[in-house]
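Please keep the sequence and the structure in view while reading.

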Amino acid sequence: MLRRTAEVELRHLRYFVTIAEEQSLTRAAARLHIAQPPLSAQLRKLETELGTTLVNRTARGAQLTEAGRVLLDEARRILHEVEQATRMTREVGSGLVGRLALGFIPSASNAVLPPILRQFKSEYPDITLHLQEMRPDEIVDRLHDRRIDAGMFYLPFEDPSLHVRAVAEESLVLALPATHRLADRDRVRLDEVSDEPFILPARHGSMPGLYAIVVEACERAGFTPRVVQRDVWLMQTIVGLVAGGMGVAVVPASMRRVHRAGAVFRSLSDVTEQAQTAVSWRRGSTPPVLRSFLDIVTAGPPAPDADPE
């Protein structure tokens, strides 16, 4: 081991390892692209600092002493650790290594999130993703208190302390009980169910989200939905209630993936509103790992997985 009092520079260790590998000061100097006299002087300085002879100069070249052989192993270990630390520091600084905490609403995992995650893991395999499924208001709270780095939820939403950017859009469809009078149609108009009981998604505090989109679509179709069940925040639960004959619901098209016996999904011919999924993160300094994630999400990730018909 190197003495704690020794002030050994890394370049001295690199010079020494090169001399040991070449077994010649002349060849070592050529490999290091320096003249031999300065290299010899640096070797003497290292030996003086350590208080022992490291290399014997003989007619056969430079031969390591016993102390020199011990130092060679130690020097290689130190240089390797420095190289590893340097590489890791650069990778962390460039957003190639680290940890990212992402909060998301459950329905984002139906279509929007999977292709983003696949691309992100493909391009940044050494970043650890910590994924947390939660309500949209929880996402905002945890962004504010720095427990997550980014969140994904439905628009509309505004917060001056957060960046909010739409990253995906999907059409809305009508979820009907399988025994409904319109169940055998491929496409329906929303006003055809204006007298039906509606199951509405939850509105979370200041986050109207999908609730506002559905209500707006109904009002534009000429009616106010007659609500039989409100504040249901899980899309899967909404579909389950539809399957149970509780009413009808307007849901994102990706919910077609939820194969629930007793429920069918039909396209809406008179609805132009779309469910917009947004990514949000704190304003101010953006950590490198988060920047890597946003580069994929906000630059236009692969299109959401195709919805089954």
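A residue is called buried when its relative accessible area is under 20%, exposed when that area is over 50%, and partly exposed in between. The model discussed here is predicted.

Gly98 is found in strand β3. Because its relative accessibility is 25%, Gly98 counts as partly exposed. Leaving out residues up to four places away in sequence, Gly98 touches Asp126, Ile127, Thr128 and Val289. Gly98 and Ile19 lie 79 residues apart in sequence, and their C-alpha atoms are 38 Å apart in space.

One of the residues touched by Gly98 is Thr128, which has its place in strand β4 (residues 127-133). Is Thr128 buried or partly exposed? With a relative accessible area of 49%, Thr128 is partly exposed. Its contacts, not counting residues up to four places away in sequence, are Gly98, Arg99 and Leu100. Between Thr128 and Thr58 there are 70 residues of separation in sequence and 54 Å in space, C-alpha to C-alpha.

**Helix α5 and its surroundings**

Helix α5 covers residues 113-123, and its residues Leu113, Pro115, Ile116, Leu117 and Phe120 are buried. Against which elements do the buried residues of α5 pack? They pack against β3 (98-104), β4, β5 (150-154) and α9 (288-298). The axes of α5 and α9 come within 10 Å and cross at roughly 135°. That angle makes α5 oblique to α9. On the α5 side, the contact is made by Ile116, Gln119, Phe120 and Glu123, while α9 contributes Ser292, Phe293, Ile296 and Val297. The crossing of these two helices, α5 and α9, is right-handed.

**The helices α1, α2 and α3**

Helix α1 (residues 10-22) packs with helix α2 (residues 25-32), and the table sets this pair beside that of α2 and helix α3 (residues 36-50).

| Helix pair | Angle | Distance between axes |
|---|---|---|
| α1 and α2 | about 125° | 8 Å |
| α2 and α3 | about 105° | 9 Å |

The angle of about 125° between α1 and α2 makes α1 oblique to α2. The angle of about 105° between α2 and α3 makes α2 roughly perpendicular to α3.

Which residues of α1 and α2 meet? From α1 come Tyr15, Thr18, Ile19, Glu21 and Glu22, and from α2 come Leu25, Arg27, Ala28, Arg31 and Leu32. Towards α3, the residues of α2 are Leu25, Thr26, Ala28, Ala29 and Leu32, which meet Gln36, Leu39 and Ser40.

The buried residues of α1 are His12, Leu13, Tyr15, Phe16, Val17, Thr18, Ile19 and Ala20. At 1.5 Å a residue, the 13 residues of α1 should span 18 Å, and because its end C-alpha atoms are 18 Å apart, the two values agree. After α1 comes Gln23, which has a positive phi near 55°.

**Helix α7**

A similar check can be made for another helix. The twelve residues of α7 (residues 209-220) should span 16 Å at 1.5 Å a residue; the end C-alpha atoms of α7 are 17 Å apart, which agrees. Buried in α7 are Gly209, Leu210, Tyr211, Ile213, Val214, Val215, Ala217 and Cys218. Just after α7, Gly222 takes a positive phi of about 100°.

**The nonpolar cores**

How many residues make up the largest nonpolar core? This core has 76 residues, of which Met152, Leu174, Leu190, Phe198, Val251, Val279 and Phe293 touch the most other members. Strand β6 (residues 162-177) provides the largest share of the core, eight residues. Apart from this core lies another, of 22 residues, including Phe16, Leu25, Ala28 and Leu46.

Neighbours within four places aside, Leu190 is in contact with Leu174, Phe198, Ala217, Cys218, Ala221, Phe223, Val250, Leu268, Asp270 and Val271.

**Leu241 in helix α8**

Leu241 lies in helix α8 (residues 235-243). Its relative accessibility is 24%, so Leu241 counts as partly exposed. Leaving aside neighbours within four places in sequence, Leu241 is in contact with Ile199, Gln229, Val232, Met246 and Gly247. Leu241 and Leu176 are 65 residues apart along the chain, and their C-alpha atoms are separated by 9.9 Å.

Note on methods:
Residues are numbered from 1 along each chain as its sequence is written. This is a predicted model: local features need pLDDT of at least 70, side-chain atom pairs count only at pLDDT 80 or more; totals for chains, interfaces and linings use all residues. Side-chain values use heavy atoms; hydrogens and water are left out. A nonpolar core is a set of buried Ala, Val, Leu, Ile, Met, Phe, Trp, Tyr and Cys residues joined through side-chain atoms within 4.5 Å. Buried means under 20% relative accessible area, exposed over 50%, partly exposed in between (1.4 Å probe, protein chains only). Helices (H or I, at least four residues) and strands (E, at least two) are DSSP runs, numbered from the N terminus. Contact means heavy atoms within 4.5 Å. The expected span of a helix is 1.5 Å times one less than its number of residues. Axes are lines fitted to C-alpha atoms, for helices over the stretch in contact, and angles run from 0 to 180 degrees between N-to-C directions. Angles under 35 degrees count as roughly parallel, over 145 as roughly antiparallel, 65 to 115 as roughly perpendicular and the rest as oblique. A crossing is left-handed if the near helix is turned anticlockwise from the far one by less than a right angle, and right-handed if clockwise.
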